[in-house]
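User: I have a structure open and I'd like to learn how to read it. Could you walk me through it feature by feature?

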Amino acid sequence: MKTTAFHLVTRKETPQDAEIISHQLMIRTGMIRKLGAGLYTWAPLGLRVLQKVEQIIRDEMNASGALEMLMPAVQPKELWQETGRIEDFGGQLLAIKDRAERDYFFGPTHEEVITDFVRNEINSYKQLPINFYQIQTKFRDEIRPRFGVMRSREFIMKDAYSFHLTQESLEQTYQTMQQAYTNIINRIGLDFRCVLADSGAIGGSGSQEFHVIADSGEDAIMYSDSGDYAANLEKCEAVSLLHERQAPTAALNKVSTPGQKTIEDLCKFLAIDSSQTIKTLLVAGTEKPVALVVRGDHSLNEVKAANLAAVASPLRMIDDEEIKALTGCDAGSIGVKGLDTTIIVDRTVANMSDFVCGGNENDFHYTGVNWERDANFDAIEDLRDAMVGDPSPDGVGTLQVARGIEVGHIFQLGNKYSKAMNAVVLNEQGKSKAMEMGCYGMGVSRMVAAAIEQHHDDKGIIWPANIAPFSVAILPMNYQKSERVKQAADELYAKLQARGIEVILDDRKVRPGFMMSDFELLGIPHQVIIGDRSLDENQVEYRNRTDMESMKINRDTIETVLAEKIKA
């Protein structure tokens, strides 16, 4: 490809609304252009990268035995009513009507559609297991789309769905998909972690996320510094920091704490450490309000809290009036002594003694509080966010944190959807059985942005070789004026094309400095600079975009050198 025959429009200025580097560089290189909030056009340069990611995904999915198909993007509302998932997705669902006033959604995911397909196509256990996948456009009406294609409303996703007679069969395919995802991300060339995750609105018994490690990642990934354990913060198990409860050593004492509403203020006032305090958070329950209790220096994990059977869905902190009616005090003075409601404590809190809590009376707290003697709880649960330095839940090492960009998520769904939609097969005994189901999603367009977040410098993108829009850039100095430079560039261009190497030749009438900075921005892995001075020595200049170190190579061997570097 020559630049004059290609749509190459770069920008020097960074867009004001581009907060992260991938968004900035995708706009500056001309890979994408904004159409509306969370809506982007993929220009030819960006599409080349996107299609390479798609092909790697397709290769590995096919190798895993999955079968590619394509489902409609527009889905009848009735399917979502069968599974009762409309409330789960809420405002993210884009509702539309056709001319007959029939209700549809623009698909954010395709569990309902694939289950409808399978219930009409599969009727015997002999047809199982089977795994279908597609690469297709999705739409989720994000409240605040941002970060370019990282969190857009319309995006491209690879979603796969497997169907099984038994849980054991589902687990086998789940492991196959875990390996396929690992292969995909390794081939793309990204540093990542596979972590335990919450299943969220998709549901199911177990799930794992695949996170590309990047400072700009929205998710906190907790991992063992010397073991294999890794989990999203929302899922990471937080072990008790106290091995056993010590016997009481202090007497219960009610103290005046005027105006001390926060843990920080209280600790300064009483000259104590926050680890000696507890905080009691009141949330709506399925039957009555629930008190969730964590140590004063810990944070409530809202995902863990929302999954408790006693807690109402969605998770909601009760308001000031409800707090007052239940406790007789304001939020800053809630405590466990005399609290007449369900009390669930975190594992560490269950082992605390001689602690400080609110007095259920404004401007008063209790010190020297001990379980059983002064207060009781109804249950012990893992309620808090894990922290750096905590023991790893697998018993190996301590927890550290990294930021991650979620690019994939795999689920063991069980029969949640098949039961709701009557997707059944006849088993070996001729009895009807709801199929077990797995679900495996990967963000294709997000993967492109994640690659940039992980691979860039202050000059621009540094593409991993397998997804670069071109492998080689030929940069001739004075192509329009020097005949022998033009001849040498055209000759190398033709030879590389004949070898099947993706090459772009800059034949624009631009200054050398502009050309060089443009291709540093674009991040093409291998760059060959051809000028009169180097040709006098029968040489060309080679640069690798990763380190930008220049080296002179004989003009007669550059074609072979490039082929070897690309193959490597």
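**Reading the fold, piece by piece**

Analyst: In helix 12, the buried residues are Val444, Ser445, Arg446, Met447, Val448, Ala449, Ala450, Ala451, Ile452 and Glu453. That is ten of the eleven residues in helix 12, which is mostly covered. Keep in mind that this is a predicted model.

User: How many helices and strands does the chain have, and what share of its residues count as buried?

Analyst: The chain comes to 16 helices and 30 strands. Of its 568 residues, 52% count as buried. The C-alpha atoms fill a box of roughly 95 × 65 × 50 Å along the principal axes.

User: Which domains does the assignment give?

Analyst: The domain assignment gives domain 1 (47-207 + 404-453), domain 2 (253-381) and domain 3 (470-567). The C-alpha centres of domain 1 and domain 3 are 43 Å apart.

User: Back to helix 12. At what angle do helix 1 and helix 12 pack?

Analyst: Helix 1 (residues 21-28) and helix 12 (residues 444-454) pack at about 105°, with their axes 8 Å apart. Angles of 65 to 115 degrees count as roughly perpendicular, so that is how helix 1 sits relative to helix 12. On the helix 1 side, Ile21, Ser22, Leu25 and Met26 do the meeting; on the helix 12 side, look at Val448, Ala449, Ile452 and Glu453. The residues of this contact divide into six nonpolar, one polar and one charged.

User: Which residues touch the most other members of the largest nonpolar core?

Analyst: General idea first: in soluble globular proteins, nonpolar side chains tend to be buried together. Here, the largest nonpolar core has 66 residues, and Met26, Met31, Val448 and Trp463 touch the most other members. Helix 6 (residues 167-188) gives the most to this core, with eight residues. Domain 1 and domain 3 both give residues to the core, so it lies between them.

User: Now the backbone. Which peptide bond into Pro129 do we have, cis or trans?

Analyst: Most residues other than glycine have a negative phi, and most peptide bonds are trans. The bond from Leu128 to Pro129 is cis, with omega near -5°. Pro129 is in the loop between helix 5 (111-121) and strand 7 (130-139). Another cis bond joins Ser313 and Pro314, with omega about 0°, and Pro314 is in the loop between helix 8 (302-306) and helix 9.

User: And what is phi at Phe147 and at Asp363?

Analyst: Phi of Phe147 is near 65°, a positive value in a residue other than glycine. Find Phe147 in the loop between strand 7 and strand 8 (154-164); at 10% relative accessibility, Phe147 counts as buried. Asp363 also has a positive phi, near 70°, and sits in the loop between strand 17 (355-358) and strand 18 (364-369). At 29% relative accessibility, Asp363 counts as partly exposed.

User: Last one: is Asp320 buried or exposed?

Analyst: Exposed means over 50% relative accessible area, so Asp320, at 60%, counts as exposed. Asp320 is in helix 9 (residues 320-327).

Note on methods. Residues are numbered from 1 along each chain as its sequence is written. This is a predicted model: local features need pLDDT of at least 70, side-chain atom pairs count only at pLDDT 80 or more; totals for chains, interfaces and linings use all residues. Side-chain values use heavy atoms; hydrogens and water are left out. A nonpolar core is a set of buried Ala, Val, Leu, Ile, Met, Phe, Trp, Tyr and Cys residues joined through side-chain atoms within 4.5 Å. Buried means under 20% relative accessible area, exposed over 50%, partly exposed in between (1.4 Å probe, protein chains only). Helices (H or I, at least four residues) and strands (E, at least two) are DSSP runs, numbered from the N terminus. Domain bounds come from an automatic or database domain assignment. Axes are lines fitted to C-alpha atoms, for helices over the stretch in contact, and angles run from 0 to 180 degrees between N-to-C directions. Angles under 35 degrees count as roughly parallel, over 145 as roughly antiparallel, 65 to 115 as roughly perpendicular and the rest as oblique. Contact means heavy atoms within 4.5 Å. Ala, Val, Leu, Ile, Met, Phe, Trp, Tyr, Cys and Pro count as nonpolar, Asp, Glu, Lys and Arg as charged, and the others, Gly among them, as polar.
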